[in-house]
Every structure is written in C-alpha cells, then in structure tokens.
Amino acid sequence: MTFSSIDPKEMHQLGSGVQNVGKGLTECAAQLRAILNEVELTHPGVAAIGRIGQWLTEQAPDLYRRRDLAYEAEKVDVDVFGNPLPGAVVAPGLTRIDESRMIPAKVRAEAALAAPLFAAAARGDANALQKLAAYKGRLSDPQFATALIEQLGPRGLLTIPAAMGTRVRKALDADRDSAEAIRRQNRDVLSMLSKALATATDVTKDVHVGRKFAEELKQQGRAEIAAPDMGGLTNSGYWSLGQILAAAPKQAYSEWFMKTIGQDMIRWDRDYLKEHGARFLPKDTDVYNLPAPIDTQPLQDSEAIGAADPIAALMTVASTSRERAQALLDDKDLLKYLMSDRRPQWEMGDRGESLGEAMEAAMKGADADSKRLAAKAAQILADDVKPQVSFNDAGVVEIKNPSELDRLSGIRDNMGRILSEHADNVVFSYFWNQQRAADDELTGNVDGKNTARFSPTDLDLVMLDVAGDDQGYQGLLRGEIADMRGKIDQALATGDKRGLNNVIALNSTALGHLVEARRMALVGRGKEADAADAELRKMIQDGIGLVPIPFAEKAGKVGLKAVGSIYETFIKDGYTKAGDWLVEQSGHAGGKTDKAFGDAASNDIAAQELVKQMLASSAVAHGTYDRKNLVGPFLIGDPPRVKDPRDMNKDEYESFMRWISNKTTVPADFKEAQQSASVGAKEIGDNLKAATK
C-alpha cells in the first residue's frame, strides 16, 4: 500500500484548475490550427499544445478521484460536482488516502470499451456478446472490475436486466423455444456482471467502489427502471439487481455487500409491503408483466417454476457462506420481517426455500452468532405458530389454518437441521425450563462452549410446525439420536454412572417431546397418527442404536485423556452429520429388533427401544459387563467376549438381551428411559395448552 496526505478542498480546486487549463489549451490549439489552415501553414507546436491540453484533461479525473477518496475517508457526502453537501462537516487539514486504490488510466480505458458491450448484448447484439468473452478472465481483477462497474454506473447496471426481460417477453409471446436460447445468453452476460459487481464491492481488496457509489446504488435500487418498448412498464432497480444475483447463485459477495446493499434490498421490500401489500412476482405465464431474464429455479419437490423474486436471489447468494448469511440476517427486525411479515410474498414464490438455506448457513454453527440467531429465529417462528394452535373438547390438537403456516413451508427442513445442530442446547432447555430469553441473553458460555438459550414452549411450538415436514422431522430426529448416542457411549466408557442416568433422563425427555410433536403435527392436519411412527420405527428396525460410534474401541487401549472426549470427537462435524453417519452404518439388524416395538401404538415405546439398543451396544463396546462365567451363543474369541450386536442373528440377539437383562444395569436404565419419554410426551401437550389459552 502507498499512502499520501491531501487536502480534499485543495485537491478539488487543483482538479478544476487542471481541467480548465486542459480545456483552454485544447481550444487554443484548435484556434491556432484554424488560423494556420487559412494561410495554408502548419507548425509542430500546435500539435504539442493540443497534446498537453489533452493530457491535462485526462489527469483531472484522477485528481477528482483522490478528492473523493479523501472525502470518503472522512465520511463526507458530496454532490454530483464533488462539493460537500450542505451541513457536511469537513475536517480542516490533510487526509490520508491509499494511493493503491487508484486505477490506472489504461485499465479505465479498457473498461470503457467493455461497458457498452453489456448493454448491446442485453439488446441481442450477437457481435457484442462475442466480444464480451474476451473480458471474462478479467472480472476477478479488482481494478478492471471496479472500473467497469463505475463506468456502467448504478443506473446503467440496473437497466441491463430490464432490457433482457423485454427480449424474453417478446420471445415468449412469439416462440417459447427461442426464449430458452435468449435466456442462456442472458445468464452468461448477467453472471459476468455478477462476478464484476462482487469483485468491485469487496472492500477487503485495495481497489473497490466507494461509499458514494453504494449510496447511489441504493437510490437507484428504489427507483423505477423502464423496460424498453414495453409501453411504460417499469420495475424497481432492486428487482434488476436480484436478477443479476440470480444468474450466479454461487458468486461470493462480500459481507460488506450483504450488510450494506443486501439489507437495504430487504428494507426496500419491507417498505413496499407496508405501503402496497404483497408485491406481484411475475412468472412466464403473466403475459402483461416483465418476466425474469433467466430461467428461475423449480420449487422444491415440484416441477413448478418459481417466480422472479429478487429477495430469494439475495438469500441464495448469502447462503454460500456462514459469514455472508450472518451479515445479511443479523438484524432482528429484518429477520422478523423475512420470517413473519413476508409470508404472503414467499407464498407467491419459493415458499421460503431460499430463506431457509440462508438461515441454515447463518445459524447451524457452534459460534455465538449462530447460537444467537438460532434462538431468535425460534422465537419468531413460535410467535407465528402459536395463534394457529388450539385443542378441541377431546384434548386433541388442531391446526386452525394450516395454509397460513404453509406459506413458509420451505424453511421447515432447514429449521429441523438448525435445531439438530444445537441438540445439546435443546435437550438442556427442557430441563432448565426457563422463560423466553431477552435479546441480550439469547446465548451463554458454559465451560468455554457457546450455548443457545431456547425456551421449552418456543421449542415445542417450533417442533409442532417443523415435525410436520418429513425432512424437518428427520433432521431433528437424527440430531437428537446422535446427541444421545455419543453421550451414552461416553458415560459408559468413563464409568460415569450418575452421568449416564442424567443423559438417559434428559435425552429421553427431549425425544419424547419430539416424537409427540410429530404425532400432534400430523393429527392436527387430519393425518393418521401411525404415519408419525414410520421414520423412527424404520431407524430402530435397522438397528441405528446398535451402531458403535467411532473411536469407542480406542478408549480402553490408550485412555480417554489421550483419545479425547468420545462425545466431542463424535459430533465434531455437527450433529446432523453424526446422525447421518449412524443412519448409513445401520441397516444390519437382520430383522432381530422389529418385534420389539413393531406393534407399538406410539413413538414413545419406539424411543425406549432406541435407548435399550444404545445401552446394549455401548456396554459391549466398552466391556461394561460381568466378564465372569460368560456363557451364550453370542460370544466370540478366546478369552470370550460379546459379539458386536449387529453381527448377531436373531436367536443370538434374543439370548444376548436375556443375558444383559441379568448381568448389567440396562434394565434399570431402560426403565428410566420409559418414564422420561412418557414425561416428555406429556410435557409438550401441557406446554402447548398453556401457551394457547
């Protein structure tokens, strides 16, 4: 980096003086040339004067840019002529600027050649499209990208998607097949623009657009952009920006962009909704509106094409990293708007699928911000679910208006995985049983680990909504199973009898809440309760609880201190991945467990069988059983040891379970699981009834 110190006012005067002198010399050269032409004479000095004038004229913009950098450093707003706005406070003296932010004139000249090609390509100029290919490799260069975006300007940038939408509209009206080819070309062009915009707005680079450009982009984002040849049809500038974002959904935009431009896009959307109601989102079938310039994505689990929703495009781009997603969603009011007030808008589009992806990226980590945002999201969602829940005279839960909740059905699978990643906090919340936490108390730190503070009632309301979705329920269930599996194994490996009892009690209670939420969610929507049992029953039939967790065998060989915490190692990549791994490793039960609960009337009995499997598997893995007088068909080796339960046939497994009921503490632990699961199932009903009175 190279720094210099300048006075912005003096630099403005210098730039103005140089510009005027350059203009004067250029005019002088022209006048001299005209005079000499009259007498049919020439002189090399005339050309020299003209070159000097031209050179001075070309230097003026760089002087003005230094002035702008100084004002930007001082956070001074200026008008289009570079003069401070009325009321702006300009500190006296010199301002330090970074000279490395200056873009060479040669690069700006190249960008000036490239900029018109984008507008021409948007209008269908095949030659311009071909020429643009030469610039693809330069769009990640901060100098070129910034010069290009500044050359286009916010208005020019946002006009391009509108022009493309016009071409697509006409093609759809005339020949739908030709529209596909146009959209492919549009995606190529817009993805290039997206790359350039992302590069130019990355403030971590030496060269990037300034605050003045960002403010103008905000203004143009809220302005109406006319679609050419569409009879006065207009779209907001932020709609156009959304189409640029949609063209490159994996493009890495900066956290600064998300917080500065992204959050303003959401505010623009919120302001419109407050004033006018839900914004109309055009689709290809809407013949009197401007369609998306590129193909929109199909909705999840459906062949239906989504609408051109600029906020959905923003969410998709934000979901590519935790940092981007957190920068965008880390505003309580905006998050509430997205999850609650915007439900009618999501219903017209992807039903919140893109929002769910951004939420998952922002909220499933172990960092404090992820925990805080997850707890806040649970509160917001619970407040929306609560008015829709009631109980009839028979005490059966009813969902008053499922369609209202279904407007945001796209986030359910994501919310399930989010809570899954905070399974240990969810389990503890049912024991701690605290009221809803204040905004500044949503997280804590226990033994060096960040914790999320959920309230049991909020969790139950959220589970009632999320568990009605197969994928959402699956995410919750797998996370809970992984948490319980690791903790039981750790307690048995370390001989922590009291810890084992606590794990069984706490986790079984939480599991009772979850499986009852699944039953209530389906019954509340008029579905058969038996359908609620299928997922958990299938897992236990496959022997998910019999899977010995990784690293368990090392505990007895090198000691727990050397191998580290079994539990922490098991879930180091997250509860969801640990749960997925258990599912992948199961499936070897060979039918020996199905009769244990196959005729069960409710999921709590299945949950009890799950705990029994885990206890038996961990007891075998860590040898926590009476090794004297080992007798039975389930033994292998010399000296004899108990075979892995997954390798036993049905008779061996039955014999093993009879033996373990006499030689271990599993029966007493199993009884605790029975009681706790039943308690959890009852608690969720009590919590919901109290909350909805």
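**Figure 1. The largest nonpolar core of this predicted model has 155 residues.** L148, M315 and M359 have the most contacts inside this core. A nonpolar core is a set of buried Ala, Val, Leu, Ile, Met, Phe, Trp, Tyr and Cys residues joined through side-chain atoms within 4.5 Å. Buried means under 20% relative accessible area, with exposed over 50% and partly exposed in between (1.4 Å probe, protein chains only). Helix α5 (residues 142–174) supplies the largest share of the core, twelve residues. Helices (H or I, at least four residues) are DSSP runs, numbered from the N terminus. Another core, of 15 residues, lies apart from the largest one and has V620, L630, F634 and W659 among its members. In soluble globular proteins, nonpolar side chains tend to be buried together.

This is a predicted model, in which local features need pLDDT of at least 70 and side-chain atom pairs count only at pLDDT 80 or more, while totals for chains, interfaces and linings use all residues. Residues are numbered from 1 along each chain as its sequence is written, and side-chain values use heavy atoms, with hydrogens and water left out.

**Figure 2. Surroundings of M315.** Leaving aside residues up to four places away in sequence, M315 touches I266, L328, L329, L338, W346, S354, L355 and A358. Contact means heavy atoms within 4.5 Å.

**Figure 3. Packing of helix α14 (residues 353–363) with helix α17 (residues 412–421).** The two helices pack at an angle of about 10°, and their axes are 8 Å apart. That makes α14 roughly parallel to α17 (angles under 35 degrees). Axes are lines fitted to C-alpha atoms over the stretch in contact, and angles run from 0 to 180 degrees between N-to-C directions. On the α14 side the contact is made by E353, G356, E357, M359, E360 and M363, and on the α17 side by N414, M415, R417 and I418.

**Figure 4. Aromatic pair Y135 and F144.** The pair is stacked, with 5.7 Å centre to centre and 10° between the planes. Rings of Phe, Tyr and Trp (its six-membered ring) pair if their centres lie within 6.5 Å; planes under 30 degrees apart count as stacked, over 60 as edge-to-face and the rest as tilted. Y135 counts as buried at 16% relative accessibility, and F144 at 0%.

**Figure 5. Aromatic pair Y653 and F656.** This pair is tilted, at 6.3 Å centre to centre and 45° between the planes. Y653 and F656 are separated by about one helical turn because they are three residues apart in helix α28 (residues 650–663). Y653 is buried, with a relative accessible area of 5%, and F656 is buried, with 0%.

Notes
Parallel < 35°, antiparallel > 145°, perpendicular 65-115°, else oblique.
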